[in-house]
Amino acid sequence: MWAQSPAPTQPVAPSTQENNKEQETKLTPKEAEALFRDVDQILEFASHDTGLPIKKEIKRRLTSRDEVVAYLEKSMAEDKAAQRLSRSELVLKKFGLLPRDFDLHTFLVALLREQVAGYYDPKTATVNLLDWVDIDQQRPVMAHELTHALQDQFIGLEKWMKTGSDDLNDNKQPTTEDIANDEMSGARQAVVEGQAMVVLVDYMLAPSGQSLLGSPQLADALKEGMLVGTADSVQFKNAPIFLKEELTFAYRYGLDFEAELLRKGGREKAFAATLSNPPHTTRQIMEPQTYLSGERLEPMPVPDFARDFKNYERFDVGAMGEFDVALLVDQYAGTQAAHRVYPNWRGGYYYAGRPKGDPSAPLAVLYVSRWASPEAAAEFAAIYARSLTQRYRHVTAVLEHDKPSIALENLATLTGAHTWLTEDGAVVIAMEGSTLLITESLDEPSTQALEHELLPSH
């Protein structure tokens, strides 16, 4: 996965309160005492809703806005996912998912300051409550965060979340298994947040005797609201759509994933069993039936990176999962096309490098993907080819012998091998069966070596 939202137990979007600092008033000691008492009551609700047992009392602490901001900034600085997100910034810009002049780190710091909310800290096993937010507004968020406390007591949340979170960039030669496991932490984050969202929705509906399964419209409204943000969420509202989708993935798709498991397997399947046997990929989160059926995708072959990229310094490497593909297609072909295309994804990864001795040169990228059929590969290849005119100022097709020039604007499918020249170098799209190989700004010998290795008939 290109990136995952920082601070994995922070509700970036599902907060139910407006954060208007000018109108803040501190809770009185009596109100704070009542809020502390609510913790036990809401914890009992969350335990009953999830079936996860309460093994010990939850510590609780009243915290100020400044303390929350300091915690979030410290979490982001230490969080490997956030560090990887920052390193992936140039790769995201290469694919056109972020504007070339966008400052990702500045945005994330500003966003965390804007999206302050109550939180559970697994390091101290403490739920942190807010001294400036009305009790009624805090209760649904508390239901969300206390679910994290139950998860922590059940499986050890911090250690569980770190499983599969190793940075592929640390591996000299990532294997097919490494690629397959690269989305694991993102999938686990979706389980953690999806379960907490179920409890939040059930808690909000409890006074009316309803629950998530009987009132899906509330869940739909919450998901739509996450992408819009609250009235004072200026940073979030102005964020590129990629970041809005990325930062809310675990909450929106995690909620849908858990709802489907509740429908098909009941409470035990949706909570305890899924924590014990979590999904591995965003495909399993986005399409729960693939998780329920135990689907395992065939591993993707990877090249000898050290040999094939001997002229390049590695910059970044990682899986490009089904969610990444959905965002890419949505960016260049629209939401309807994304929903049609992404279920046909069957594996993929990218490798980015800098030419040795030339740090100012454009980032060189390899992107390999596998699809359910040659037809699906050809449709995605066409969408990717059309994106070139939106990402580069100058795009010129390299004419092949006895073949007419391709008009990118009306391209519906693309097969075979094709090359375009841009201001950042050549772009090659080559297809063999259901496998697609794409290189950008990579020298010709390296591209030919990769084609020979990954597309044997070329």
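Tutor: Here is a walk through the salt bridges, pair by pair. This is a predicted model, where local features need pLDDT of at least 70, side-chain atom pairs count only at pLDDT 80 or more, and totals for chains, interfaces and linings use all residues. Residues are numbered from 1 along each chain as its sequence is written, and side-chain values use heavy atoms, with hydrogens and water left out.

A salt bridge is a side-chain nitrogen of Lys or Arg within 4 Å of a carboxyl oxygen of Asp or Glu. By this rule the count is 23.

Take Arg139 and Asp38. Their side chains form a salt bridge at 2.9 Å, N to O. It links distant parts of the chain: Arg139 lies in helix α6 (residues 135-155) and Asp38 in helix α1 (residues 29-50), 101 residues apart. Helices (H or I, at least four residues) and strands (E, at least two) are DSSP runs, numbered from the N terminus. Buried means under 20% relative accessible area, exposed over 50%, partly exposed in between (1.4 Å probe, protein chains only). Arg139 is partly exposed at 22%. Asp38 is buried at 10%.

Next, Arg60 meets Glu57 at 3.5 Å, N to O. Arg60 is buried at 17%, whereas Glu57 is exposed at 64%.

Now Arg391 and Glu440. Their salt bridge spans 2.8 Å, N to O. This pair, too, links distant parts of the chain: Arg391 in helix α18 (residues 374-391), Glu440 in strand β10 (residues 435-440), 49 residues apart. Arg391 is buried at 10%, and Glu440 is buried at 1%.

Finally, salt bridges with shared partners join Arg283, Glu287, Glu295 and Glu322 into one network.
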